[in-house]
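Please look first at the structure shown here, and then follow the explanation below. It begins with aromatic residues and moves on to the core and a hairpin.

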Amino acid sequence: LFFLIFRDDQPMALNQPFTMGTEPGVPVLHVSHRVCRDSATGMPFPYTVDRSFEGRTLKGCGGTPSSLLLGREWVVTDAGTQTGQGVAAGWPLSPLGHNVTVQFDGKGRVTGMAHCNLFGGIYALTAERLSIGSVAATRRACPGPAMQGEQAFLRALATVVGFDVSPAGELTLST
């Protein structure tokens, strides 16, 4: 398992929880803008939802997973393996003075700036996974380590199988 961690310069809006149905005999619905993971697939959702009625509480997720990805420019902050061995030291994240970024457009396109070149590709988000494919980049040459880092980054993007968003708003793409 390989992962990429991104941060977002635009903080996610964490509004106050919303509660509906406080009258006696009516189900109570409590919605919090807090990432919830589907228990069957692990897919993250933007809302945690609790429904209480007659002494029983059912917990679930709400919203659409895509809303966690869209409308942001994600900046690479780390890359590593499941064992926690980061590869950032051997993989320069911004050797030419710019950030390595990824953006999802909501129409199935992913774009961004790699170590040396602009890139684009397609993505699919299903109920169970995120996948990125057909990644292509412009062809500007860069110094050796930057080019090697870029190739590793683009290969990693093409093998993404899932994502998660931390409470701090960090996006993790896993391969």
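Phe104 and Tyr123 are both buried, where buried means under 20% relative accessible area, exposed over 50% and partly exposed in between, with a 1.4 Å probe and protein chains only. This is a predicted model, in which local features need pLDDT of at least 70 and side-chain atom pairs count only at pLDDT 80 or more, while totals for chains, interfaces and linings use all residues. Residues are numbered from 1 along each chain as its sequence is written, and side-chain values use heavy atoms, with hydrogens and water left out.

Rings of Phe, Tyr and Trp (its six-membered ring) pair if their centres lie within 6.5 Å; planes under 30 degrees apart count as stacked, over 60 as edge-to-face and the rest as tilted. Phe104 and Tyr123 make an edge-to-face pair, at 5.0 Å centre to centre with 90° between the planes. Phe119 and Phe153 are also edge-to-face, at 5.8 Å and 75°, and both are buried.

The largest nonpolar core has 24 residues, of which Phe104, Phe153 and Phe163 touch the most other members. Such a core is a set of buried Ala, Val, Leu, Ile, Met, Phe, Trp, Tyr and Cys residues joined through side-chain atoms within 4.5 Å.

Elsewhere, strands S6 (residues 47-53) and S7 (residues 56-62) pair in the antiparallel sense over 7 bridges. Strands are DSSP runs (E, at least two residues) numbered from the N terminus, and two of them pair if DSSP finds at least two bridges between them. S6 and S7 form a hairpin with 2 residues between them, and Glu54 in the turn has a positive phi of about 50°.

Conventions
Helices (H or I, at least four residues) and strands (E, at least two) are DSSP runs, numbered from the N terminus.
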